[in-house]
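Dear colleague,

I am passing on a structure for you to look at, and my notes on it follow below.

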Amino acid sequence: MTSTRFTAACVQMRSGRDVLKNRDDAVALVREAASQGAHFAQTPEMTSLVCRDRAELFDKVGPEAQDPVLAALREVARERNIVVQIGSIAVKEGDKVANRAFLIGQDGEVIASYDKIHLYDVDLPNGESWRESATYTGGASAVAAETPWGYLGMTICYDVRFAALYKALADNGASFLSAPAAFTRQTGEAHWHVLHRARAIETGSFMISAAQGGLHEDGRETFGHSVIIDPWGRVLAEGGTAPGVFLAEIDTALVADVRGRIPTLKNARPFRVEVVPTIETDRAAIA
């Protein structure tokens, strides 16, 4: 029988340019989460390396089978009998890199992986410019992966702005959703909380999102504020900008309760959009 209750932990980090140090930091924090009673621990996007220089990034990452962070966290999952979600690591894929998340079972085996679908290509008002598509290859499949407590919808960072992805995951059985991130400070201050609460409320799901936080070695500043939010939109746990572990008890029975009270998934209906032009006029006559 599937249990509906578990303790989830967001592992907040401030990853730098040293892959092995990032690995050791992640291992220590996941072990700390397990020591505090977590059954599930999630690390942030780019757990293994935060580095803006493309040449340096390619020099420091390799194929999935050789990644030291994945190997180490598989061992920790087995050692501590804990489910671990790696928010993402950079994995070399030909002439580009995949931004790939992993779900690891209590036996240390990889249950599922997910490649970030939506790539962050933006120009911010403060002059920051990001072109993830120049380095990363986008994924093409959404992933809902089975855990001992139900299905987890796996997404990454910028994905959180695309509501249809979360509805699709919930429609396919996900009771809790995740968007581990390295949100910029500027966009995080404006949108992080409202986006996460909206995705939880719209789908009647838990949202669990570990984050990078603070000023990184490569000069970027990330927002932090790892969050765990319940299906009613209530914040159960939240970090600041410092690395740490933030825990909350999850009861997936609350998902059925909230979806029963406000059945937005059941009530959704297909529709078409009609574009109605203005009445045509003789512009020459008006002139």
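V275 is exposed, having a relative accessible area of 75%, where exposed stands for over 50%, buried for under 20% and partly exposed for what lies in between (1.4 Å probe, protein chains only). Please bear in mind that this is a predicted model, in which local features need pLDDT of at least 70 and side-chain atom pairs count only at pLDDT 80 or more, while totals for chains, interfaces and linings use all residues. Residues are numbered from 1 along each chain as its sequence is written, and side-chain values use heavy atoms, with hydrogens and water left out.

V275 is found in the loop that runs between helix 7 (264-267) and helix 8 (283-286), helices being DSSP runs of H or I with at least four residues, numbered from the N terminus.

As for the cysteines, the number of disulfides (pairs of cysteine sulfur atoms within 2.5 Å) is zero. C10 is in no disulfide, and the nearest cysteine sulfur to it, that of C157, is 14 Å away. C10 is buried at 1% relative accessibility, and C157 is likewise buried, at 7%.

Best regards

Terms used: Helix = DSSP H or I, 4+ residues; strand = E, 2+ residues; numbered from the N terminus.
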